[in-house]
Amino acid sequence: MKSNRGPRILNVFPQLGVPGGQAVVEGRGFAPGHYPKVLFGEVEAPAASVSDEKAVVWLPESPHCLGVTVRVGEAASGLFPFTLATRLAGGLHPVTSPVV
């Protein structure tokens, strides 16, 4: 029987992103006093804020990312699907393109 202890991811928003963007990971058991780690593939994402049920993180460079996990001590959540895209261009202005 599976234990309810340890972190559990319920949702990630958005479900895809590019390095440098932000994602919100919602779940249970993130235990902010125990320094939870949010991992995209094997790369830890820097946290902007963490509570017991939500972590807001900056998306890291992680070329082999198949999803996101949350680790608290030795306990880890299951892998939650997430697509980490590759940035194709930079310095573009969303209104006046091309490059500014």
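User: Before we start, what does contact mean here?

Analyst: Happy to set that out, since the contact figures below rest on it. Two residues are in contact when they have heavy atoms within 4.5 Å. The model we are looking at is predicted. So the cut-off to keep in mind is 4.5 Å.

User: How many helices and strands does the protein have?

Analyst: Reading from the N terminus, the elements run β-β-β-β-β-β-β-β-β-β-β. The count is therefore 0 helices and 11 strands.

User: In what order do the strands of the 4-strand open sheet stand, and which ones are at the edges?

Analyst: The 4 strands pair in an antiparallel way, in the order S1-S3-S7-S6. S1 and S6 (47–50) each have a single partner strand, so one side of each is left without a neighbour in the sheet. Neighbouring strands are turned by 20° against each other on average, direction ignored. The order is S1-S3-S7-S6, and the edge strands are S1 and S6.

User: Which residue in S7 is the bridge partner of serine 49?

Analyst: S6 and S7 run antiparallel and are joined by 3 bridges. For serine 49, the bridge partner in S7 is valine 56.

User: Is the aromatic pair of phenylalanine 40 and phenylalanine 82 stacked or edge-to-face?

Analyst: The structure holds 1 aromatic pair. Its ring centres, those of phenylalanine 40 and phenylalanine 82, are 5.0 Å apart with the planes at 70°. Planes over 60 degrees apart fall in the edge-to-face class, so this pair is edge-to-face.

User: Where in the chain do the two partners of that pair sit, and how many residues apart are they?

Analyst: Phenylalanine 40 is in strand S4, while phenylalanine 82 is in the loop between S10 (80–81) and S11 (83–84). The pair thus links distant parts of the chain, and the separation is 42 residues.

User: Is phenylalanine 82 buried or exposed?

Analyst: Not counting residues up to four places away in sequence, phenylalanine 82 touches several residues, among them Val12, Leu59, Cys65 and Val68. Its relative accessibility is 3%. Buried means under 20%, so phenylalanine 82 counts as buried.

User: And glycine 41, is it buried or partly exposed?

Analyst: Glycine 41 is found in the loop between S4 and S5 (43–44). Leaving out residues up to four places away in sequence, glycine 41 touches Ser62, Cys65 and Gly67. Its relative accessible area is 28%, and the buried class needs a value under 20%, so glycine 41 is partly exposed.

User: One more: is threonine 69 buried or exposed?

Analyst: Threonine 69 is found in strand S8. Leaving aside neighbours within four places in sequence, its contacts include Ile9, Val38 and Leu79. At 15% relative accessibility, threonine 69 counts as buried.

How values were computed:
Residues numbered from 1 in each chain as written. Predicted model: local features only at pLDDT ≥ 70, side-chain atom pairs only at ≥ 80, totals over all residues. Heavy atoms only, no water. Helix = DSSP H or I, 4+ residues; strand = E, 2+ residues; numbered from the N terminus. Buried < 20%, exposed > 50% of the residue type's maximum accessible area, 1.4 Å probe, protein only. Phe/Tyr/Trp six-rings, centres within 6.5 Å; stacked < 30°, edge-to-face > 60°. Pairing = 2+ DSSP bridges. Axes fitted to C-alpha atoms, helices over the stretch in contact; angles between N-to-C directions.
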